[in-house]
Amino acid sequence: MEKDVSKKNCLADRERYADLINGLLLDGKQLVKPEDLREMDSRTYLTAGTVGRNLFSGLSARTRGAYRELSRDLVKKVAFGVNFVVIGIENQEEVHYLAPLRMLSYDAAEYERQARILRKQVRKRKGISSAEFLSGFGRADKLKPCITIVLYYGAEWDGSRELHEILDFTEIPSELRKYINNYPVHVFEIAGLENTDVFRTDLKQIFEFIRCARDKEKLRALVQKDPAYREMDEDAYNMAVAYTNATELIDVKKYHGKDGKVNMCKALTEMLADEREEGVKQGIEQGIEQGIRALINTCKSLGVSRDKVKEGLKKNFELTDDALEEYLERYW
């Protein structure tokens, strides 16, 4: 839940949303500006009979009368001159193996939403044909294009990327296949992004941080090299650290934040220093235990009495009586 909130708070920002579209969909061309974006309700409604109950299991989807409510993570209208495109974002930490059907349902629901609005207008027009009245759609009417992209934060997407990949074509004549509509899924694997220079906002720092999250040394080198990490927006910081599985970075944020900005460099340095200190401490403790075990085994093999061993351990390792008894119970 915390990751979901971090992603939504961060990506809902108009500058980042526009940057994401320019970077991922437009090859870095600055065609979309923050002021080109319009807010939309993330909920859409799909005819209940056309979507399975299990498809959106665990998601915000419920039946209302003849329609089933679906909710994308984020969605905005993007203006291009007098026209616009509806662009939705789905955040995925786990692979969704029915992703082609799920994204198809989202897009179909958006087109249905537009068609319902037009239907009311068309049937009020004078002079329309019977076909237009029956369709609820004029011969010259157009729907606005819709795109849904998937941002995947896991290690590797091994799911299907198009509808045909989840269809069973066994013994189906090849001549029929071209008539079976396909539907691609636009999956962007954050860990595999090769060029983050296409981003102009702190999405660059967020995505690079996530890419390096599994290698602490790469992470350290990254934040030390890029001065932008010394003054990150709190929303960006929260989203970046949500994928390190290091709660310490959240804990130390309050010591390195000011006026909505956080010094990632200092926070990470402190976290790694704490990890090293804990590692050294654990190493010492393990070394002491190995030494005690070796001494007990040696004395036992030489026939030294338990009391003598206990006395020697107390003298050499400065252990409490309870700790002495615990080691003797474990290794004697």
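Biologist: Where is Glu90 found in this structure, and is the residue buried or exposed?

Modeller: In this predicted model, Glu90 is found in strand E6, which covers residues 83-92. At 2% relative accessibility, Glu90 counts as buried, because buried means under 20% relative accessible area.

Biologist: Which backbone atom does the side chain of Glu90 reach, and which residues is Glu90 in contact with once its neighbours within four places in sequence are left aside?

Modeller: The side chain of Glu90 reaches the backbone nitrogen of Asp73, at 2.8 Å. With those sequence neighbours left aside, the contacts of Glu90 include Ser71, Arg72 and Asp73, and also Arg102, Met103 and Tyr106. Thr148, Ile149, Val150 and Leu151 are in contact with Glu90 too.

Biologist: How should I read a helix, when some of its residues are buried and others are exposed?

Modeller: The general idea is that an α-helix has 3.6 residues a turn, so residues three or four places apart point the same way. Take helix H7, residues 216-225, whose buried residues are Leu219, Arg220, Leu222 and Val223. These four cover an arc of only 165° around the axis, which puts them on the same side of H7. On the other side of H7, the residues Glu217, Lys218 and Lys225 are exposed.

Biologist: What happens at the start of H7?

Modeller: There, a side-chain oxygen of Asp215 reaches to within 3.1 Å of the backbone nitrogen of Glu217.

Biologist: How many salt bridges does a search of the whole structure find, and what does the one between Arg16 and Asp233 tie together?

Modeller: The search finds 16 salt bridges. In the one between Arg16 and Asp233, the closest N and O atoms are 3.6 Å apart. Arg16 lies in helix H2 (residues 14-25) and Asp233 in strand E9 (residues 232-233), so the pair ties together parts that are 217 residues apart in sequence. Arg16 counts as buried, at 6% relative accessibility, whereas Asp233 is partly exposed, with a relative accessible area of 28%. Arg16 and Asp233 are also linked with Asp202 and Lys261 in a network of salt bridges.

Biologist: What are the parts in which Asp141 and Arg125 lie?

Modeller: Asp141 forms a salt bridge with Arg125, and their closest N and O atoms are 3.2 Å apart. Asp141 lies in the loop between helix H4 (130-135) and strand E7 (146-152), while Arg125 lies in the loop between helix H3 (99-122) and H4, so this pair ties together parts that are 16 residues apart in sequence. Asp141 counts as buried at 15% relative accessibility, and Arg125 is partly exposed, with a relative accessible area of 37%.

Biologist: Which residue forms a salt bridge with Lys204?

Modeller: That residue is Asp197, and the closest N and O atoms of this pair are 2.7 Å apart. Lys204 counts as buried at 18% relative accessibility, but Asp197 is exposed, with a relative accessible area of 55%.

Biologist: How do I read the nonpolar side chains?

Modeller: In soluble globular proteins, nonpolar side chains tend to be buried together. Here the largest nonpolar core has 43 residues, and those with the most contacts inside it are Leu20, Leu151, Ile206, Phe207, Phe209 and Met264. Among the elements that give two or more residues to this core are helix H1 (2-11), strand E5 (74-80), helix H6 (203-211) and helix H8 (234-241). Apart from this core lies another, of 12 residues, among them Ala99, Met103, Val150 and Val187.

Biologist: How many disulfides does the structure hold?

Modeller: A disulfide is a covalent bond between the sulfur atoms of two cysteines. The structure holds zero disulfides. As for individual cysteines, Cys146 counts as buried at 9% relative accessibility, and Cys212 counts as buried at 17%.

Biologist: How many helices and strands does the protein chain have, and what share of its residues count as buried?

Modeller: The chain has 12 helices and 11 strands, and of its 332 residues, 42% count as buried. Among contacts between residues at least 6 apart in sequence, 63% join residues at least 24 apart.

Notes: Residues numbered from 1 in each chain as written. Predicted model: local features only at pLDDT ≥ 70, side-chain atom pairs only at ≥ 80, totals over all residues. Heavy atoms only, no water. Buried < 20%, exposed > 50% of the residue type's maximum accessible area, 1.4 Å probe, protein only. Arc of directions from axis to C-beta. Polar contact = N/O pair within 3.5 Å; in protein donor to acceptor, adjacent residues only side chain to side chain. Salt bridge = Lys/Arg side-chain N within 4 Å of Asp/Glu carboxyl O. Contact = heavy atoms within 4.5 Å. Core = buried A, V, L, I, M, F, W, Y, C linked by side-chain atoms within 4.5 Å. Disulfide = S-S within 2.5 Å.
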